[in-house]
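Here's a walk through one chain, from overall make-up down to single residues. Have the viewer open as you read.

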Amino acid sequence: MEDLKDCLLRVMEELTKEELKRFINKLDAAERRHQCQHIPLGRLERTGNDIGDIAHLMVGHYGHKAINVTLDSLEEIGRKDLLKRFGDACRVPEGRQETDYKKLYKEEIKHLYKQIKEYNCLPFERVAFNSRYIKLTIINKRQQLQEKQSELEATGHDHVCLMKKHKDSKITIKHIFSDTENKEEPKTVVIQGPAGIGKTFTIHKIMLDWSSDEIFQDRFDYVFHLRCRELKISDHENLDNLISRCSTHLQDAVKEVLSKPERLLFIFDGFDELSFPSSEAMARESSAVTLLLKRKIIPEASMLITTRPTALEVLDMVVKIDHYNEIVGFLEDDIQKYFLKSFQDQEKGLRVFQIIKGNSVILSMCFVPMVCWIICLLMKENAEDGEDFLTRVSTSSQILLHFIHTLLQHHCGTSEKVDFLQNISRLAFQGIKEGKKIFTEEELWEVSISATGKESTFLNKTFFKRGPNAKAVYHFLHLSVQEFFAAMHCASQASSEETEKLLYDSLKPEHRNLLHVVRFQFGLINETSQEILKDLKMFSFNHMKVTLQSWFSTAVKWYKEKYPMASYCGKSQFLLQLMHCLYEMQDAEFVTRAMKWFHQIHLSWCNLNRIDCLVVKYCIEYSDSVQYLDVWNCNLDDEKLKILWEVLPKCQFVRLGVETLSKRTMELFCENLALKKRDQYLNLIISEKEDMLSFLLEATARVYKSSLFFSNVSNAVMEQICKSIIPKYKPTNIRLCCATGEEQVKSIVDILRNENYSPSFLRLETCSLESLENVHSILSEEQKMRNISWELMYRGVNILYEVDQEAMTSKTRVHFTDADIIKNCLQLIVRFKPTEIYLENIHDEALQTVIKALNNEDFILTCLKIHTKSSVESICCILSGDEKMRSMRWEISQSGYPGTILVHDPGSPTVREQSTCPHNINEPSSQQRIKNRCKIS
């Protein structure tokens, strides 16, 4: 047959477009003459005149009679020149082997299933199946009610983490008929999952893989895909007709196919769409479908049945189920793979995934493949319109509306869609009002929803055991879907009293979950949402606009005047939710008016995702000016910072912190800051860890002293930042801490040398004593640095160089914080020749070592300060016993005696007591007895 198909292809290639159309028109008469199976006109039209598809249909319907049909049709259109060539090429060789029906059937299945029609495909349009398929997670256990409820309520990253637990119990397609817990291989397997979760897509994958010899080769010779939507139980259809429905190739091979029933697999796809009429009971019993399901014919065959969970009880009454599986959708890795596969440009696919990952509402719904498909579709439309992905990200309301619309069109059989939407919205609203996410069948009936009917499209069903009984409850696919339907109820059929109560309650901290419903209400009055709703033949929600705008002004007053100040984070979250309402609404005029109420935006300690940042950016763009923007400790990263920095120039004061930032983004951000015209003051703290940066920025248009702080930052990063920031902001204080080296100091000195200004203070923490000495040399030898105060530090050693700009004098102080350090640092005293030394936690031996070093050097020490934990008397005796010490000033303080020091003035025979605290001036000193004993002999 493959040779015949090739012959047909070659002869049709010789025909012009017009001749091919005439050739197709002649097939109908020729097939009647030769008593061939008729090819429906609709199927020929769907080929779009593709000669490969036409040849496939002719071979499938006519078999070898296709030769005579072709010869007749060629003669009819006047192409007799092709008759001999075609006849010779199609001559059947003698001794031809019997037809390999199994091979023919697999080839047919492979041809039919290699492409798929998406929801928005044009007539005759198809896409490659493997370009869309991503493996879904199938688990082989029933979930507990508590597990399911936790998944329903979790959003964003929390939901993604909860879904990870399914990794432990997931199975692959090729193992769904494998041994289970050392039992016999199952013959009847059920795969359940809600609408849009990917049940039919999974069956499509099974058919394609089987026909490609990738799965079930040792188990099944034939696999038949029966779409329950197309089956009629009431028909007196026999098994032969059922098999022929799957393939025209098998019309003459049914007997051969049924000769090994244990090698057959029948797939019933969408059992919930199989109609069991209340009458014609005898017809139902004699139907091949019923007989197969009940195993009254070929009981040796295997069955795979997909269904929504709402039909499981009916299925259990009809079929004996050996094994049960559930499709739970995509895990996080699968979601990312879906986006990467949907976009030819991997970078764009990854960027879209990152955007969605930042939207907690939508990310929570992306376990449903249909939601991922809708997102990719909308994003691609943006790109085709020449827009960047981030410039027009669809709101959560719009994505959920598209999801509902698609489910209604392709997965919901009810004709009264508006009535159904009103019923399901009323159920959702009642649940939100009562804090209920799980519903009984009786509660569904109260709002005219049939639990087993096609109206259950948006509901899932969970079974659980309670005592001696098994119970079933219903719930929405996710809490976000329930909240969205509740918003639809408020906007369409709720009484004004119901709506006003929900809006008022949403202002209270204890009912802040209601703000999600309010956000969706704002989203429903969005113009784009209105267009989608028109397509759904729903009425307009414009009457809600005035109500919501009035509520918003009340919410702003509540935020400013009544929201509990004790809950700072809660107040920030409330402000963020209000801004989300404005973003969902997308009404430029109202947003501009509303932002006049928000002079200050305090969001510190809010864990902002990417959509939150887009919302903040969107609102600030419509603001004339923001006095204060605080986004410190908000879990910002590269992408979020890039979103926000575009609106920073509109903010008079900014406090912004980023925990993890790439060096390249930090460089770009500093360049961006350098270009800003308004800011006069900047405080920038930057640290580096494991090749990533973190920073805190404070910037304002007011005139203050700017400062730069670097912690453990590489020289290349520090140099790049300084080159951008120092010329613009001229920081008065610059600090480098954690392992500052000579190269960094040289870089700072070089930059400052070329700038027409000098900072007032420079503080450097070095990585070693040797480095400290080298840095001191660099600073001391640079003319400009002699006019700047600076401090060097290393593990208990501080070198402070102070400049008195008015007196035009300078002094150097050396500070040792530990006695053990002093022994290793005496060369610093000798080299730096300080005017003042401060010895902390000193003991007798260390002090004597210092005095000895001072006696060997010829420089004037103006003051020696000592703090000790040991005996003050002993310290005084050591100092008074040295001639050079008696000629200089020294001060002694002791742990345990705060506020009082003993002072020796140069040449004085005694020490005196001096209070460092005003309240100690007239009080008797606890050190009086010590002072009296410290006479200078």
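## Ground rules and confidence

This is a predicted model, so local features need pLDDT of at least 70 and side-chain atom pairs count only at pLDDT 80 or more, while totals for chains, interfaces and linings use all residues. Residues are numbered from 1 along each chain as its sequence is written, and side-chain values use heavy atoms, with hydrogens and water left out.

As for pLDDT, it is the predictor's confidence in each residue, from 0 to 100. The chain averages 84, with 88% of its residues at 70 or more. A contact here means heavy atoms within 4.5 Å. Where pLDDT is low, the predicted coordinates should not be read in detail.

## Overall make-up

The chain holds 41 helices and 27 strands; these are DSSP runs numbered from the N terminus, with helices being H or I of at least four residues and strands being E of at least two. Of the 937 residues, 54% are buried, where buried means under 20% relative accessible area, exposed over 50%, and partly exposed in between (1.4 Å probe, protein chains only).

Take the contacts between residues at least 6 apart in sequence: 70% of them join residues at least 24 apart.

## The nonpolar cores

In soluble globular proteins, nonpolar side chains tend to be buried together. A nonpolar core is a set of buried Ala, Val, Leu, Ile, Met, Phe, Trp, Tyr and Cys residues joined through side-chain atoms within 4.5 Å. The largest one here has 267 residues, and the members touching the most others are F266, F268, W551, F552, L684 and F695. Leaving out residues up to four places away in sequence, L684 touches M666, C670, F695, L696, L697, S707, L708, F709, I721 and I725. Another core, of 28 residues, lies apart from it, and V11, I39, A55 and V59 are among its members.

I267 is found in strand β7 (residues 264–269). It counts as buried because its relative accessibility is 0%. Beyond four places in sequence, I267 touches I203, I206, M207, V223, F224, H225, L226 and L304. I203 is 64 residues away along the chain, with 8.0 Å between the two C-alpha atoms.

Y113 belongs to helix α7 (residues 101–113), and its relative accessibility of 6% is why it counts as buried. Y113 touches F129, H204, M207, L208, H225 and R227, again not counting residues up to four places away in sequence. From Y113 to K205 the C-alpha separation is 8.2 Å, across 92 residues of sequence.

Most residues other than glycine have a negative phi, and most peptide bonds are trans. Which way does phi of I298 go, positive or negative? I298 has a positive value, near 30°. I298 sits in the loop between α14 (288–293) and β8 (302–307), and it counts as buried because its relative accessibility is 16%.

S448, also not a glycine, has a positive phi of about 65°. The loop between α22 (441–446) and β10 is where to find S448.

## Pockets and cavities

The search uses a 1 Å grid over the protein atoms alone: a cavity is a set of points where a 1.4 Å probe fits but cannot get out, a pocket is an open set with protein on both sides within 12 Å along at least five of seven lines, and lining residues have an atom within 4 Å of a point. Grid points are joined across faces, edges and corners, and a volume is the space filled by probe spheres set on the points. The second largest pocket holds about 990 Å³. Its lining has 36 residues, with T155, S360, N607, N609 and D612 closest to the centre. Helix α28 gives the most to that lining, 6 residues.

There are 7 cavities of 30 Å³ or more. The second largest cavity has about 100 Å³ of space. It is lined by 10 residues, and Q192, Y324, E326, K461 and T462 lie nearest its centre. β9 (323–329) and β10 (459–466) are the elements giving two or more residues to this lining, with the largest share, 4 residues, coming from β10.
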